[in-house]
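Take a moment with the sequence and the fold.

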Amino acid sequence: MGFDQLSNMWTAVFPMAVLLYYFFRKKYVTTTISSTLFWETSMRETKVSPYLKNLQRNALFYLQMAALLLLLFILLAPFIPKETVKDSHTVFIVDTSASMSVTDGGLTLLDRSKEKIIALAEERAGNAISIITTGKEPSLLLRKETDRRAVLAAIDKLGVKYEHEHMPRSIDFAKSIAIQDGADVHIFTDFLDRSVFMESMNGITWTVHNNENLSDNIAIEKFGAVSTVDGTEAIIKLSNHTKSKQTGKVIIKNEMTDEALSEQEFSVDEEAGTLLSFKGLPSLSAVSAVLQVQDDYKVDNEAFIILANESSEVIVDSQLHELVKKAFEAIGLTVTTGSVSEMATARDQAMLVTNDPSFLLEGSDPIFLLGRNDSSIEPVSGLIDTVSDTLFTIASINDIYVSALYPPFEEYSTLASIDGKPFIQRSPRGDIIVLTDIALTDWPLHPSFPLFIWSTTETLRTANENVGTFSPNERKAILTSGGAEGIEIFTIEDKYVASFPNGRSFVAPSKPGIYKMIDGETEKYLSVQLDPNEKVVSSGASYRVGFSEAESSGKEEGKNMIGWLFLIPVLLLLLIEWEVQRRRGYPN
């Protein structure tokens, strides 16, 4: 046994002070003297060994001294030597993706990982511990924390975030915080291949805790639905990732009302797939598929779809300026050029950008009309005035120069004007019309040009009240009204999820499903889809790589603190002292 805080030895002055107090305290004893002849003899007997006399038959003194000495012993931080790892810094990388919700013996893989993490944290109590959770943007929950309670609290809060793990990013993050002093890094995931650690780093030891048990999983690999003249049609692809033939049932639901519309039984061979088709469904705005089967992974047994045109393809009229095509490519869309006939054929599969007003009268989806090929331009001068509209919440267009405009459409609303003449209009169907040619402005020289193109694209996409499809926890700017109250996200059952001050700070919910977005007085819908990589549960043996030089000699001597064990005896002594004082009363 040893002592970790010998510097606290100075506290020995307190029991010494109590000892001196009992040496020199006055003590009066009531004595009956039968005669004055014996007074002198009695006084001599009283004064024999006066200092030791103060300590004899004094239970209160011994109790106080025992309590003080025990407290002094605790302050010296006694410990018993124990073996522990040499790395002073331990890093836990915890996979919080959807696949960590696979169950094994009634517990999820993440819960089993948390049990292992707690055991390791207890073993390394007092050492620096860091915790990293995975994702597209890895999160650092703790950094070199030595407080045991803080570490256990952070471990307890770990939960599934459903986002794909992007493990290489988390590993690079761990390297950045451990490269200077080295660390013992423990990774908890369903499966991570050894090839990730082809480039070793001195001073860092990697221990990968894989899922070593095979899991049964039947997944909805793909789910699609389309609106037709007769209603809605849906198709589902199922994948069997087990070693045996599986049977079950698929139910199609109206996600808005949770009403079951159709169901179909299936049988799929081992490690194979099958297709199921559902026809004759009623017209739906949101539909879900529920797979009823006995397996260990429930998250991929449900899929969701909002029926809307979410195509990322844009067809730009070949007659328009090349900078228009470049602007759409800059915002990440697939852009092709085509003639009027080609656009007429593909108008239901892509968004159209043209200067032909005839497309305003065709089809049901809105288009982007940039200029007019059926009218002549008229010179214009003056400043641009805009109304409060979602098109201008991202960037202002008040500083651009426009030399000429085309005639406006009489029944369309005006969003921007120059000297009282309409510059940008919107049709009742939702078409966006810019009444000029790009060559007649300096707009492409301003940052607002690609931002306006993005706003226009999002406006045309969401004309059917569909915000879009997101992956779990995806950060993405969305077009909003820009109101002071911001936007709020709710589940279909009207359960509150999150709030955001504006569309630029939007982060999608973590759990897959259909959600409602409240933007002022507007209600729109968005879907969160599980990443395709999270529909497969892998397993493999755990392993350890990258042994550091410091680890070659095995373990080092650690300290198992035992001072806290003596707190109960101290409390017991104080209780006895109080009882002695109560029974004897206070001396004169």
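Setting aside neighbours within four places in sequence, Val-528 is in contact (heavy atoms within 4.5 Å) with Phe-470, Ser-471, Pro-472, Ala-508, Pro-509, Lys-511, Pro-512, Gly-513 and Tyr-515. This is a predicted model: local features need pLDDT of at least 70, side-chain atom pairs count only at pLDDT 80 or more, and totals for chains, interfaces and linings use all residues. Residues are numbered from 1 along each chain as its sequence is written, and side-chain values use heavy atoms, with hydrogens and water left out.

Val-528 sits in strand 31, residues 522-528. Val-528 is buried, with a relative accessible area of 0%. Buried means under 20% relative accessible area, exposed over 50%, and partly exposed in between (1.4 Å probe, protein chains only). Phe-304 is 224 residues from Val-528 in sequence, yet their C-alpha atoms are 7.9 Å apart in space.

Now the whole protein. It has eleven helices and 33 strands. These are DSSP runs, numbered from the N terminus: helices are H or I with at least four residues, strands E with at least two. Of the 588 residues, 45% are buried. Among contacts with a separation of 6 or more, 68% join residues 24 or more positions apart.

Helix 5 runs over residues 109-123. Its expected span is 1.5 Å times one less than its number of residues. For 15 residues that gives 21 Å, and the end C-alpha atoms are 21 Å apart, which agrees. Which residues of helix 5 are buried? They are Leu-109, Leu-110, Ser-113, Lys-114, Ile-117, Leu-120 and Ala-121. These residues lie on the same side of helix 5 because they cover an arc of only 130° around the axis. The arc is taken from the directions from the helix axis to the C-beta atoms. The buried residues pack against several elements, including strand 3 (89-94), strand 6 (128-133) and helix 6 (148-156).

A cavity is a set of points on a 1 Å grid over the protein atoms alone, where a 1.4 Å probe fits but cannot get out. The count comes to three cavities of 30 Å³ or more. The largest cavity has a volume of about 70 Å³. Its lining has 13 residues, and the closest to the centre are Ala-121, Ala-125, Ile-129, Arg-148 and Val-151. Helix 5 and helix 6 are the elements that give two or more residues to this lining. Helix 6 gives the largest share, three residues.

Key. 1 Å grid on protein atoms, 1.4 Å probe; cavity = no way out; pocket = protein on both sides within 12 Å on 5 of 7 lines; lining within 4 Å. Points joined across faces, edges and corners; volume = space filled by probe spheres on them.
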